Amino acid sequence: MNTVTRPRILVVGAGFAGVECVRRLERKLSPDEADVTLVTPFAYQLYLPLLPQVASGVLTPQSIAVSLRRSKKYRTRIIPGGAIGVDLKAKVCVIRTITDRIVNEPYDYIVLAPGSITRTFDIPGLTEHAFGMKTLAEAAYIRDHVISQLDLADASQDPEERASRLQFVVVGGGYAGTETAACLQRLTHAAVKRYPRLDPGLIKWHLIDIAPKLMPELGEKLGSSAQEILRRRGIEISLGTSIAKAGPEEVTFTDGRVVPTRTLIWTAGVVASPLIATLGAETVKGRLAVAPEMNLPGNDGVFALGDSAAVPDLAKGDDSAMCPPTAQHALRQGRHVADNVIATLRGQAMKPYVHKDLGLVVDLGGTDAVSKPLGIELRGLPAQAVARGYHWSALRTNVAKTRVMTNWLLNAVAGDDFVRTGFQARKAARLKDFEYTDAYLTPEQVREHVEGTGRQE
Ligand SMILES: Cc1cc2nc3c(=O)[nH]c(=O)nc-3n(C[C@H](O)[C@H](O)[C@H](O)COP(=O)(O)OP(=O)(O)OC[C@H]3O[C@@H](n4cnc5c(N)ncnc54)[C@H](O)[C@@H]3O)c2cc1C
């Protein structure tokens, strides 16, 4: 029997969007007004834009994992697990807890913010051999993997093995791929000095993209500057090129080149979390089609935002434009959706989401960076100051800010370190293992499960 009479608000996902929403709800709603519950597989909010710096060891993993339990004022109930399906009619979310128990969580309002997963294509060998850059575990894994390639190449007497271990391929010329290639190239460039048996000339990083330009959002001049910086550092950039085939020891490019490598990092875009498909509702390119108020038309109390939702971009003045999947939008949408949930709860009118893009910052490691805050093009140190200043101020807690700043200072003074932890050695490292993409139910399975178990109220 349901002993709770307060409306139940369920937020799915503790990323930029979900955490902003929860914190705003906690601040603006009195405890008597509603119960707030958050479903999240991890006990932290991950600051994704700094993930490449974790992969390169400039930052420790913990410094960008912002605790969800930092303050006593946080009163949201947290369910440790992942939502694997939502029955919109029954208003039940099906959750797999971290102990693999499947539970039903009824709600009156649901805010869907499960973000996105790495987008893959039907390329032979891709899902078996590529690593993603979307989770903390992936970043930590890649770091160990890259350092282990240097260790193994150093120990090997076989020139072919050495050559293949010292070539690295990153696919995706957006900010995630470009920053990843740039930061990791810096790491191997610095590390190789500690391996006197290795010829630094054998280390080669490839950055490839099917598009004709890297990060087209930067514009012609700044995009060329970024490209120039990377080329100067020895990163081979191939545009208009993708992967035709991936294997354990080589990758074939679509232009016919076969690159011997054991490292393929795939950052060629994202798609909405598979949770969205379990709703059986209308989508735009996989993202849930929501109104400018971020509610799902025809379904009372359902909201979606961030990377998982197609939120109309009203600031663009073009009816078909939707907000790009960026942290900038996700966190603002988080606050805005909280206000709209509260408005609905109190019988007031909701407001549409409007935000004009503030620009882009791209940290290429060291003093290399390009930034375009509010349309102003910056390069080098000023761009780096803006990039780091922006990320630093966007971190949610003072502890996270202090950890990140301390790590940056330590790295600037003491340089990189090349410790391979071995924590994840010999573990399965496919995309689906890190991103749990096969955990979800089909809409029919959700319905059957919910009908079979009955609503638990
Ligand atoms: C390497 C990298 C660099 C980036 N750099 C930038 C940048 O410089 N600037 C910028 O604006 N954007 C950047 N982005 C994009 C930005 O991080 C995303 O757009 C943003 O994180 C989206 O926020 P979100 O809340 O929708 O999703 P996320 O922040 O991804 O949060 C989703 C949350 O939901 C959880 N979750 C997933 N599935 C479930 C489930 N089934 N049940 C419960 N919880 C679930 C996840 O664990 C996660 O905590 C970058 C992304 C990457 C990967």
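1. Ground rules. This is a predicted model, where local features need pLDDT of at least 70, side-chain atom pairs count only at pLDDT 80 or more, and totals for chains, interfaces and linings use all residues. Numbering starts from 1 along each chain as its sequence is written.

2. Arginine 27. Arginine 27 belongs to helix α1 (residues 16-28). Helices here are DSSP runs of H or I with at least four residues, strands are E runs of at least two, and both are numbered from the N terminus. Arginine 75 is 48 residues away along the chain, with a C-alpha separation of 9.9 Å from arginine 27.

3. Arginine 379. You'll find this one in strand β25 (residues 378-379). Arginine 379 counts as partly exposed, because it has 17 other C-beta atoms within 10 Å. Beyond its neighbours within four places in sequence, arginine 379 is in contact with Ser225 and Val370, contact being C-beta atoms, placed from the backbone, within 7 Å. Aspartate 368 is eleven residues from arginine 379 in sequence and 7.6 Å from it, C-alpha to C-alpha.

4. Helices α4 and α6. The axes of α4 (residues 136-155) and α6 (residues 175-191) come within 11 Å, crossing at roughly 30°. Axes are lines fitted to C-alpha atoms over the stretch in contact, and angles run from 0 to 180 degrees between N-to-C directions.

5. What meets what. On the α4 side, Val146, Ile147 and Leu150 meet Leu184, Leu187, Thr188 and Ala191 of α6. That contact splits into six nonpolar residues, one polar and no charged.

6. The whole chain. The protein chain has twelve helices and 25 strands. Its radius of gyration is 23 Å, which agrees with a compact globule, because 457 residues would give a value near 23 Å; the radius is taken over C-alpha atoms, and the rule is 2.2 Å times the number of residues to the power 0.38. Along the principal axes, the C-alpha atoms fill a box of roughly 70 × 45 × 45 Å. Buried residues make up 46% of the 457.

Definitions and conventions. Two residues are in contact if their C-beta atoms, placed from the backbone, lie within 7 Å. Ala, Val, Leu, Ile, Met, Phe, Trp, Tyr, Cys and Pro count as nonpolar, Asp, Glu, Lys and Arg as charged, and the others, Gly among them, as polar. A residue is buried if 20 or more other C-beta atoms lie within 10 Å of its own, exposed if 12 or fewer, and partly exposed in between; C-beta atoms are placed from the backbone.
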